[in-house]
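Grab a pencil and take a look at the chain below.

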Amino acid sequence: MNSPIVEIDFTDWCEARSQPDWTAAVEAGKVLHFPRLGFDLQPAETALLREDMLKPGTRNVSLGADGVLKGAAGSAAEQEALGAMVGRFRRQALQLIDGLLPEYRGQLRVAPTSFRPKQVETRAQSVRADDQRMHVDAFPSRPSYGERLLRVFTNLNPHGVPRVWRVGEDFETIARRFLPQAKPYRLWQARMLNAVHATKSLRSEYDHLMLQLHDLMKFDEDYQKNGTQLTMPFAPGSVWVCFSDQATHAVMSGQYMMEQTLYLPPGREVNPQSSPLAILTRLVGRPLVGVGAGVAR
Ligand code: SIN
Ligand code: FE
């Protein structure tokens, strides 16, 4: 396997440098790693790095575009400080992407920003929800119709603990391996899920196949253990960026991370042919979203 990680030597979030090979790499599903770009955690903010800043029963703290913080516990003053910290990361993440991937300027939609204070290795989860298993990101309730998930991550751990990921083979290799086992798409099932509001809109065949890949990967013990993969410790004070609907990944350990998702509409990649939608459409041989997709199924 060629390395799935590309190192970039930025030291400043405002560094406006782009390179066609970086864009091509992230669009090929590689992880861009910035080992020298850290989030400037202020001394008072280390006091916010506690699991009990999370409201019981929630996975993440999230800051909406409207500035409202959800999922946080702690005092009012602590929540205000946490909102300021997460907001600062959001601005820096947006700045980074603007300088690094100017081709996407004006096209990205900003999702809520998340702070994840839970220790990864002690989280108990069902197989399907277990991100310690290799997967590509796909969400059961939110059909994407090929909209991309560009994610910026930073490790904030104050004790020197890395966030350890595994990164696997390219999307097409994975799709070729698992598609033959995928259950066929049924339009009536998609309609039923939508009617009972299990999905926010009609699940497309593309979304069905992405979920199938997500699940088939996670449930395949042999692939999880023996699939080609690289273990990558992301040190505190580093940043990494990938299309997480394309880069095969798992998080093995670590604590205290912030994450910003940016949605890129389908077809707005510099090379749309490299996208999961284009790859799956080629492999299946018919349109998977839009008019004509899923008819008579
Ligand atoms: C994931 O998207 O699988 C989670 C990544 C992380 O928590 O580091
Ligand atoms: Fe994931």
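Predicted model: local features only at pLDDT ≥ 70, side-chain atom pairs only at ≥ 80, totals over all residues.

Residues are numbered from 1 along each chain as its sequence is written, and side-chain values use heavy atoms, with hydrogens and water left out.

**Exercise 1.** Find how many salt bridges the model has.

Start with the rule: a side-chain nitrogen of Lys or Arg must lie within 4 Å of a carboxyl oxygen of Asp or Glu. Apply that and you get 21 salt bridges.

**Exercise 2.** Work out where R50 and E78 sit in the chain.

First, the contact: their side chains form a salt bridge, 3.0 Å from N to O. Next, the places: R50 is in the loop between β2 (31-34) and β3 (61-63), while E78 belongs to helix α2 (residues 76-100), 28 residues apart. Helices (H or I, at least four residues) and strands (E, at least two) are DSSP runs, numbered from the N terminus.

**Exercise 3.** Decide whether D245 and R148 are buried or exposed.

Step one: the closest N and O atoms of this salt bridge are 2.9 Å apart. Step two: D245 lies in the loop between β9 (239-243) and β10 (249-253) and R148 in strand β6 (residues 148-155), so the pair ties together parts 97 residues apart in sequence. Step three: both D245 and R148 are buried (under 20% relative accessible area; exposed is over 50%, partly exposed in between, with a 1.4 Å probe and protein chains only).

How values were computed
Chains lettered and ligands numbered in written order.
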